[in-house]
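The following paragraphs lead a new reader through one protein chain, step by step. Please keep the sequence and the structure in view while reading.

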Amino acid sequence: MPGMRLDELIRRLRHGGLDLTAEQVADAVWLARRLGAAAPSDDPGGAPDVPEPAHVPPEERSERPGEPAPSGGRRTGDDPAPSTPVPLHTAAGASGALVDGTQHIFPVRAPAATALPGLLGLEKALRALGRYRVDASAVQEAGIDEEKTAEHAAASGLLLPVPRLGGRHRCDVQLLMDTGPAMAVWGRLVEELRQACQQSGAFASVRVHQLYDDGSGTPLVGTTAGPARHTRLRSADELHDPSGRCLTFVISDCVGPLWQNGAAQRLLHTWPRASPLAVIQPLPPRLWGRTALPAEPGLLLRPAELGGRITFLPDDEPWDEPAADARPVPVLQPSAEAFEAWARLLSGTGPTRERAWAAWTTPEVPSGASARSAASPPGQGPRGDDDLLRAFRAGASPGALRLAVYLAAAPLTLPVMQLVQRAMLPDTGPMELAEVLLGGLLRQLPGTEAQPCFAYPGRVQDLLLSSLDQDTAGLVLKHCSAYVERHFGKGTRNFAAFAAARLADHAPTVGGPSLDADGPRDAEGGVEAELFARIPARVLRFYLPDLVTPGPVEEAERLFGQWQALADPEVLHRAREQAEAAVRVPAPAGDDSVRARLVLGRVLRAEAGTSAARAGGRRTELLRTAVEELATAHSTASADSAEQADAALELAAGRHELWRLTGETEQLTAALEVLAPESAPWPTVARLAGEGRRQAEAVSERADAGRFQVAHRARLLRRGRILLDLARPGAAVPELEEACALLDLDGAPGAVRSPALLDLARALRAAGAEDAMTRAVLVAAERAAGDDPALRLPCLAALATFHDAAGETREADEAYERAALLAPPDSLRRCELLTAWGESLLRRASAGDGARIVDRAENVLREALKALPAWSEQRGRLQGLVGSALAQRFRHLGFLPDLFESRHLLTQAVRAAADAGVRAEAWLQLGRVRLEGWYRAGAPVLVDALQAYENAEREAGEAHGTDPGSVTAARARHGRGAVLVLMGRPGAALTAYRSARERWQGLVAALREVDWADVESTRRAE
């Protein structure tokens, strides 16, 4: 902006969001003056002139498109001359121009995200190391300073030589970069650290070396980036500096070969004590304990002497005392804060201490430490694919988790992994990529030492792809196709581009490769080239399995799985068509016939639960058809086969659902027969499941062991639940206990374990088990539910019911409250919870000291009534409960409006209730309220009260029968006798009391639960 005034420049900068201080403006002005104008054309160090095109006339050169014309069409003498335009293309005669004169377009480098956060702060922290000084005894003398010797002699009278100190006061720094398999990720970090050291001005020289492993346990150093391109390697001991003038930073993730064989630890331990040494660990601290150099926090202490000698005091008391010759080595994060603490420790005067992390090193690596890595924690053998992924998800950062999912759709070479990361997750850096490389999920392919290639083992790739939608996978492959063009050339068959086009539902513009292709035939043969053909084909088969035309059975199974994920009724309809077509295939093979009928039965069961089946009244028909197909599959399956076990489980589940719908007890009995432990295939299933847990030697049996284990557990769970529904809790308990124990042993997910434990708790309560046992099971169920609200809600509801029944009122209220908070605000489930909680509070409010909780009971019940839909059949019941709570509050507090509102709500309840039992209870409460109204207000309502008690007895008989009757009927007879006494009819009252006593006696004889206070009241009244 030539000619612009300083105040105008400041105004524009502030308008653009740059609020500069006076010091910053002064620095900018000073720097602008020092930089000066561009170098003239005859300056050999300046930029070459850019000639104007020859065909542009001089008079037209000032009116080119893109150049603004001066105001008024001409430039005044006061206007500054326009700056020379810089062409985007290179000059016509420049080196590299095409033969036909076409100009090249040179690539422009765009700034990328830095690997080190806060570079300016890091440089400032490194600048503080300029104050580091070594011990004076270690300073090399450079002759006698004659002038200072003369001055000292004149002042003291003694002729003593004064040495001249070395002219160099700044120390050196050397960066030793590990060359492990994953360290290529941190190349940019090392480069930025080197630049920060140079630009800080604190060091006289900055050198970078690479650490190599020669296989003999001796670390070697070189000055090149790759082991295949080094010119000469030398021992790392040559970098020792006993004088302490050189600071050394070892940059490593501490999991490579040098650390596994202990060479790196020995190198750190034998480093000169006077020479400052620190390890820069780019991994996050939460992963340090899983490396071969586990660090711990504590205090680093430096004595008063100058130099690099330090001691370490850990925060936690170690289990074993460090060896006598153990040496602490500081471990730093690549952050400004860590370097600041390190600088303060080294450059402080006198004894200094700083909080930091450090690791202990000894001449001999402790047993097991050399083999420790982030991929395989100590003490663990080979793990399955699910365990590998579960362990990675438990310890990885969110960015690393997302990156691992994206990389599942890409060929795993390091350049491609970095490309996918920059394109899909630009807010992440090398730390997340290193977590993926070292997280135990990847395996390096053999023969890829020069250019490492990786792959996900087993089912890990499919498990990760299941978390990635198809469009995103296509985008990842599109980025990979660009790399293929740059790496293999445009002439090669671009499998990634083909797969991306198919996933995007486009016709591919490249020749479509076969899904079974082994590699790009026209590319260089090698593992990397093969990887770029195999991985896209596998991704394509995962998302588009119908590219290989399946049979009707496979298609029905695929569509049924898709319906389970999407709940699309159209997909379920298509699955039924395919399954019926598979069943109609003439004379199918035995296994295919069983599979076809099995999937058809599953589809029919699923269709019975759809809204269309419910609305059309076809649920029973569909379930009966499903049971028939599943029974046929069970009878025709091979004896003692996994297919027979699957068919038996599905058949039992279908009969169980049919019982819930029709109430046919024979369905439960037939389901129990199918699941009987002595019927086929369950003896074989139990045997093979046990052998699978004991790691059977037979490969074929071990392959099916997991399937048999799941079938065995499912049989136990289903039998236990059926026995519970048959009111046989004593027989259900051992089945459910064994099932829950196997679920814990096999590490089943919480979505399976938590409901199973709830069923066990229900069986224990029904069987009369001790409260401590039931409580322990309920607590285990809540623990298994984890943080899933859908699983925690039934656990808390069951806990609340248990505490309420056990008389643990405080725990019951807490559980009810937590459950109500978890339930959706406008859901029926929340209304049910509030109703149960309100009933519990109302029972307690009926006691003599219930005045303190009656308000809470009324509030909870009103909240439930407010959340209840207007069309709900439960409205009458809730109105009766709120009315009862108001009546109870009137009894405690004597507030007459509560009594009137209670009478109104109870009247509404008897009109709205659809259940005879609810109406009976509402009539009973209304009779009490009317009687209390006569007592307190003198209202002429005795006849109404008598009628209410008679209606309560009639409705109770309709709901519960007359032999032995119900508690409501007995209370209604007692209330009728009380009203008859007030009406002056003692004979009729005595008859009513005797009838009530007989009803109480019948209930007690039938072992029904009664309130003995009510029984005693009737006896006294009689």
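In strand 6, S235 stands opposite L220. The model in which this pairing is seen is a predicted one. Strand 6 comprises residues 234–235, and its pairing with strand 5 is antiparallel, over 2 bridges. Strand 5 itself spans residues 219–222, and both of its faces are covered. P219 and V221 are buried on one side, while L220 and G222 are buried on the other.

Which order do the strands of the open sheet follow? The order is 6-5-4-3-7-8-11-12-9-10, so that 10 strands take part, and the pairing is mixed. Strand 6 and strand 10, the latter at residues 311–314, are the edge strands, each pairing on one side only. Helix 5 packs on this sheet, where it touches strand 3 (171–178), strand 4, strand 7 and strand 8 (277–280). The direction of helix 5 makes about 160° with that of strand 4.

Helix 3 covers residues 119–127, and its buried residues are L122, E123, A125 and L126. Why do they lie on the same side of helix 3? They cover an arc of only 160° around the axis, which puts them on the same side of the helix. On the other side of helix 3, L120 and K124 are exposed. The cover over the buried residues of helix 3 includes helix 5 (187–200), strand 4 (203–213) and helix 8 (336–347).

The next topic is the aromatic rings. The structure holds 5 aromatic pairs. One of them is formed by Y816 and W837, and this pair is stacked because the ring centres are 6.2 Å apart and the planes stand at 10°. The pair links distant parts of the chain, with Y816 in helix 30 (residues 809–822) and W837 in helix 31 (residues 828–845), 21 residues apart. Are these two residues, Y816 and W837, buried or exposed? Both Y816 and W837 are buried. W934 and Y935 form an aromatic pair of the edge-to-face kind, with 5.3 Å from centre to centre and 70° between the planes. W934 has a relative accessibility of 28% and therefore counts as partly exposed. Y935 counts as exposed because its relative accessibility is 53%.

Some details of the backbone also deserve attention. Most residues other than glycine have a negative phi, and most peptide bonds are trans. Where the chain passes from A680 to P681, however, the peptide bond is cis, with omega near 5°. P681 is found in the loop between helix 23 (665–674) and helix 24 (682–693). A cis peptide bond also leads from D963 to P964, again with omega near 5°. P964 lies in the loop that runs between helix 36 (942–960) and helix 37 (967–982).

Positive phi values can be inspected in the loops too. C254 is a residue other than glycine, yet its phi is positive, near 65°. Its place is the loop between strand 7 (246–251) and helix 6 (257–260). With 1% relative accessibility, C254 counts as buried, because the cut-off for that class is under 20%. L1007 is not a glycine either, and its phi is positive at about 60°. L1007 is located in the loop between helix 38 (986–1005) and helix 39 (1012–1021). The relative accessible area of L1007 is 78%, and this residue is therefore exposed.

Finally, the chain may be considered as a whole. It has 39 helices and 15 strands. Of its 1022 residues, 44% are buried. Among the contacts in the chain with a separation of 6 or more, 64% are between residues 24 or more positions apart. The accessible surface of the chain comes to about 53100 Å², and carbon and sulfur atoms account for 53% of this area.

Definitions and conventions. Residues numbered from 1 in each chain as written. Predicted model: local features only at pLDDT ≥ 70, side-chain atom pairs only at ≥ 80, totals over all residues. Heavy atoms only, no water. Helix = DSSP H or I, 4+ residues; strand = E, 2+ residues; numbered from the N terminus. Buried < 20%, exposed > 50% of the residue type's maximum accessible area, 1.4 Å probe, protein only. Contact = heavy atoms within 4.5 Å. Areas by Shrake-Rupley, 256 points an atom, 1.4 Å probe, with all protein chains shown as cover. Arc of directions from axis to C-beta. Phe/Tyr/Trp six-rings, centres within 6.5 Å; stacked < 30°, edge-to-face > 60°. Pairing = 2+ DSSP bridges. Axes fitted to C-alpha atoms, helices over the stretch in contact; angles between N-to-C directions.
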